[in-house]
Amino acid sequence: MSDQLDRIDLRMLRLLQGNGRLSNAELAKLVAVSPATCHRRTQRLFEKGYIGGVRATVAPRKVERGALVIVGVVLDRSTPQSFGDFEKAIAKLKFVLDCHLVAGDFDYFLKIRVKDIEGFNRMHGEKLIALPGVRQTRTFFVMKEVIDNAPLDF
């Protein structure tokens, strides 16, 4: 098979993105191919990096992580070394769900889930502001999650 995606591959990706629990047999039926062909195509999608992984989406409130916080981070310096030091340190913090280098007033945006404001305050004072090169943080507490982790539109 080539690296090009055809309409069947795209349909498989859309279906799996909507429901990662589909069995191979169910997926094969939905895309009108044999189970063996479906399995080969799915494996190829993994091997080529179109599917990065499969995992369960856990309800944050059920595991005491109901508070969603977005943190803007400004570093002291904008150098490859300072970015590298920050990125190496932030990757070790398990409470950080996402970390994005951005253009504009901030250097990074972090997505963090915690139990509550007190938990964030403690973590901020002990961990975040102690990260290498951090000059300033600005915190945004999410009041309502309107759209979170929506499927890609393709």
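This briefing covers the sheet, the helices packed on it, the nonpolar cores and a few individual residues. The model is predicted. Its open sheet has four strands in the order E2-E3-E1-E4, paired antiparallel. Helices H4 and H5 lie across strands of this sheet. The largest nonpolar core has 21 residues, and another core, of 13 residues, lies apart from it.

**The sheet**

- The strand order is E2-E3-E1-E4, and the pairing is antiparallel.
- Strand E2 (96–101) and strand E4 (134–141) are the edge strands. Each has a single partner strand, so one side of each has no neighbour in the sheet.
- From one strand to the next, the twist averages 20 degrees.
- E1 and E3 pair over seven antiparallel bridges. Within this pairing, Val73 has Tyr108 of E3 as its bridge partner, and Ile70 stands opposite Lys111 in E3.
- E1 and E4 also run antiparallel, and seven bridges pair them. Here Gly72 is opposite Arg138 in E4.
- E2 and E3 are antiparallel and are joined by five bridges. Leu101 has Tyr108 in E3 as its bridge partner.
- The hairpin of E2 and E3 has six residues between the strands. In this hairpin, Gly104 takes a positive phi near 120 degrees.

**Strand E1 and Leu75**

- Eight of the nine residues of E1 are buried, so the strand is largely enclosed by the rest of the structure.
- Leu75 belongs to E1, which covers residues 67–75.
- Is Leu75 buried or exposed? Leu75 is buried, because its relative accessibility is 3%, under the 20% cut-off.
- Beyond its neighbours within four places in sequence, Leu75 contacts Ser82, Phe83, Phe86, Asp107, Tyr108, Pro132, Gly133, Val134 and Arg135.
- Gly104 is 29 residues from Leu75 in sequence, and their C-alpha atoms are 13 Å apart.

**The largest nonpolar core**

- Which of the 21 residues in this core touch the most other members? They are Phe86, Leu110, Ile112 and Leu128.
- Two or more residues come from each of E1, helix H4 (80–90), strand E3 (108–114) and helix H5 (117–126).
- E1 gives the most to this core, with five residues.
- Phe86 touches Val73, Leu75, Cys99, Tyr108, Leu110, Leu131, Pro132 and Val134, when residues up to four places away in sequence are not counted.
- In soluble globular proteins, nonpolar side chains tend to be buried together.

**Helices on the sheet**

- H4 lies across E1, E2, E3 and E4. H4 runs at about 15 degrees to E3.
- H5 lies across E1, E3 and E4. H5 runs at about 175 degrees to E4.
- His124 is a residue of helix H5. His124 counts as buried because its relative accessible area is 17%, and the cut-off is 20%.

**The N-terminal helices**

- Helix H1 has twelve residues, 7–18. At 1.5 Å a residue, H1 should span 16 Å. Its end C-alpha atoms are 17 Å apart, which agrees.
- At the start of H1, a side-chain oxygen of Asp6 comes to within 3.0 Å of the backbone nitrogen of Ile8.
- Which residues of H1 are buried? They are Ile8, Asp9, Met12, Leu13, Leu15 and Leu16.
- An α-helix has 3.6 residues a turn, so residues three or four places apart point the same way.
- The buried residues of H1 pack against helix H2 (24–31) and helix H3 (35–47).
- Ala28 sits in helix H2. Ala28 is buried, because its relative accessible area is 1%.
- Leaving out neighbours within four places in sequence, Ala28 touches Val33, Ser34, Pro35 and Cys38.
- Ala28 and Thr42 are 14 residues apart along the chain, and their C-alpha atoms are separated by 10.0 Å.

Technical notes:
Residues are numbered from 1 along each chain as its sequence is written. This is a predicted model: local features need pLDDT of at least 70, side-chain atom pairs count only at pLDDT 80 or more; totals for chains, interfaces and linings use all residues. Side-chain values use heavy atoms; hydrogens and water are left out. Buried means under 20% relative accessible area, exposed over 50%, partly exposed in between (1.4 Å probe, protein chains only). Contact means heavy atoms within 4.5 Å. A nonpolar core is a set of buried Ala, Val, Leu, Ile, Met, Phe, Trp, Tyr and Cys residues joined through side-chain atoms within 4.5 Å. Two strands pair if DSSP finds at least two bridges between them. Axes are lines fitted to C-alpha atoms, for helices over the stretch in contact, and angles run from 0 to 180 degrees between N-to-C directions. The expected span of a helix is 1.5 Å times one less than its number of residues. A polar contact is a pair of N or O atoms within 3.5 Å; within protein, one must be able to donate a hydrogen and the other to accept it, and residues adjacent in sequence count only if both atoms are side-chain atoms.
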